[in-house]
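Visitor: I am new to this structure and would like to be walked through it with some care. Could we take it one question at a time?

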Protein chains: 2
Amino acid sequence: MFESTKRTELSSLGEFGLIKHLTAHFEIKNPSSILGIGDDAAIIQHKGKQTLITQDLLIEGVHFDLTYMPLKHLGYKAAIVNFSDIVAMNGLPAQMLVGIGVSNRFSVEALEEVYAGIRVACEKYKVDLVGGDTVSTNKGMHLSVTALGAARKDKIVLRSGAKPGDLVFVSGDLGAAYMGLLVLEREKKTFMANPRHQPDLAGYDYIVGRQLRPEARLDILELLKKKKVFPTAMIDISDGLASELKHICVASNTGCNVYEDKIPIDPVTVTTAEEFSLNPLTAALNGGEDYELLFTVKAEDYDKLKGETAVHVIGHITDSASGLNLINGIGEQIPLKSQGWDAFKES
Amino acid sequence: MFESTKRTELSSLGEFGLIKHLTAHFEIKNPSSILGIGDDAAIIQHKGKQTLITQDLLIEGVHFDLTYMPLKHLGYKAAIVNFSDIVAMNGLPAQMLVGIGVSNRFSVEALEEVYAGIRVACEKYKVDLVGGDTVSTNKGMHLSVTALGAARKDKIVLRSGAKPGDLVFVSGDLGAAYMGLLVLEREKKTFMANPRHQPDLAGYDYIVGRQLRPEARLDILELLKKKKVFPTAMIDISDGLASELKHICVASNTGCNVYEDKIPIDPVTVTTAEEFSLNPLTAALNGGEDYELLFTVKAEDYDKLKGETAVHVIGHITDSASGLNLINGIGEQIPLKSQGWDAFKES
């Protein structure tokens, strides 16, 4: 439903012609990108810095649904989720490789849309597309994105540096991307039952936008730098707050106390969750795909971030014996369970 | 038909448990691999060297057929085809990321087999597995491999450096991997018609091995270094000699003359091609998947390589106006057409 009207068959360009065609308007922006697409491998040089590298696979029907995910947004999001991993190490994304597998169901115009979204992400985050692969599949679309970034050795932030007494911060708000997904799936069901139904997303713009067009929080890194706050541990929220807290606590060998009423949730997320008879907290803890940053800072850095509206303190790190706990409104301590998205668990 | 008998469901381990389980026995071997699997991104540092990076997607039913490709060989080959791209730039492969998408049809043991093959390749080529992604698909298996390597800036060999008068060399022999594929497909057909049929591959070991277990020719780089020969252009043969010659000539803005009777073809490739009523030269020119190196050297370097049995001079570079030509046994000049594997062309 989102494909352009013109249809050029993939077979009309051939593999090499297709890659050339799709990547023609990508310009190299980073001096570290020595050689991009066109040889056996790309060449990268981060002088005096360490290279960060991450990879994500996105499979149609598992990670995205093209009935409500426009192809351009898909390309954008596939790039962002990888940039977000680099940002979560306190690095600057600089290069990416895009592997794309498509069946004959897709036209050249459809792939152009995907690449148009990738290009918007590359422009916005100043990232160079330096390589990739384009192959055919028997069915569906598969995206494999690899992102590279750079950071000075002493500036990289791992998951493992949190210490008891550190404060736990989160950027933005949580649970919106998941509620956006539920709204899109509801509209899809209605559309399937009645193809003349026009999707009604009025009032849901914010949460639908959070699902379709996430951002990597490079601005938070800049804020922390400006405020001279160096996080002790950091991770991006792809699987939900509970799962990411667990990653930090396991890697750092700590526990944590997180306060229910401190977790930032947008009012639209709350009202939509109520519509779905869902606790908004469940969306925030286990929904995932917010791509906000979860990080810990030394207690003495609290004052430097006080009054900043982009980040919120939600709790503190404890020793590992105390476990991971959620403190509710009346002060009860509830063990935190992560039900984060799990690829192979049956739902 | 190649899966182990024990079957553990993927869902029993969960995503993070699965990655941890599969990658538990991979040891870090390169000092440039600062941090491997377990955080948002891996960390790599190639001091004073440039980083080479390449990515390949392999899709079940398109790039491999599990009825005759054992899972361990698949893992090995997926690694090798990427190492080969790094080698073709005159670089040393050092790190890799493996993205794997599988449906519930596959068990934990099946994935262990794939990783066992990847591990053999990593051990042999001293490459570190530093990251990746494991996701579920609705159908089939998808592999996305990213390989990184390093080389001194002045040692990297591109496709674009060939000059008229340079000699064209190829390593090993060509066409065997393709004939191996045809034999495997013939056995599969027989097996499909009669499941009690035992595959008979006697006498075809060499060509079947070339298809199932290719190598990246790191040894050729060592030979060239030892002989003090620095190639002017280089590429690995993944799509067939004709297609790779075209890549070098287009990138270098040259033509070439290649001599039919100089193209190295193994006797088993010749006899098997005859069985299939195929010209062995067609397998060599257009078969692909040999992963041999095609490279050009200055004419004065000829003497340094004379007598080396691992490499063969097959022709020379001409000016671009002369085009790409094949010279047959009676001296006739035939324009060279590449029918290299093309992902989207219908066969």
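Guide: Before we start, one definition is needed: two strands pair if DSSP finds at least two bridges between them. Please keep in mind as well that this is a predicted model.

Visitor: With how many bridges do strand β2 of chain A and β3(B) pair, and in which sense?
Guide: Pairing requires at least two bridges, and β2 (residues 42–44) of chain A meets that requirement with β3(B). Within this pairing, A:Ile44 stands opposite B:Thr51 in β3(B). The sense is antiparallel, and the number of bridges is three.

Visitor: Which element gives the largest share of the side of chain B that touches chain A?
Guide: The contact draws 53 residues from chain B and 53 residues from chain A. On the side of chain B, several elements supply at least two residues each, including α1 (15–23), β4 (92–102) and β6 (141–151). The largest share, nine residues, belongs to β3(B).

Visitor: What kind of axis relates chain B to chain A?
Guide: Chain B can be laid on chain A by a turn of 180 degrees with a shift of 0.0 Å along the axis, and the RMSD is then 0.0 Å. This is therefore the relation of a two-fold axis.

Visitor: Which residue of chain B comes closest to the rotation axis?
Guide: The same surface serves both copies, since 100% of the contact residues of chain B recur in chain A. By the position of its C-alpha, at 3.3 Å from the rotation axis, the residue of chain B that comes closest is B:Ser144.

Visitor: Are α2(B) and α3(B) parallel or oblique to each other?
Guide: Helix α2 (residues 71–87) of chain B packs against helix α3 (residues 108–125) of chain B with the axes 6 Å apart and at an angle of about 40 degrees. The residues that meet include B:Leu74 and B:Phe83 in α2(B) and B:Val114 and B:Tyr125 in α3(B), and the contact as a whole divides into 15 nonpolar, three polar and two charged residues. Angles under 35 degrees would count as roughly parallel, so these two helices are oblique.

Visitor: Which strands are the edge strands of the open sheet of chain B?
Guide: The sheet has seven strands in the order β8-β10-β7-β11-β9-β12-β13, with mixed pairing. Inside that order, β7 (residues 167–171) and β10 (residues 293–297) of chain B run antiparallel and are joined by four bridges, with B:Val297 as the bridge partner of B:Leu167. The strands that pair on one side only, and hence form the edges, are β8 and β13 (333–335) of chain B.

Definitions and conventions:
Residues are numbered from 1 along each chain as its sequence is written. Chains are lettered from A and ligands numbered from 1 in the order in which they are written. This is a predicted model: local features need pLDDT of at least 70, side-chain atom pairs count only at pLDDT 80 or more; totals for chains, interfaces and linings use all residues. Axes are lines fitted to C-alpha atoms, for helices over the stretch in contact, and angles run from 0 to 180 degrees between N-to-C directions. Angles under 35 degrees count as roughly parallel, over 145 as roughly antiparallel, 65 to 115 as roughly perpendicular and the rest as oblique. Two residues are in contact if their C-beta atoms, placed from the backbone, lie within 7 Å. Ala, Val, Leu, Ile, Met, Phe, Trp, Tyr, Cys and Pro count as nonpolar, Asp, Glu, Lys and Arg as charged, and the others, Gly among them, as polar. Copies are superposed by least squares on the C-alpha atoms of residues with pLDDT of at least 70 in both.
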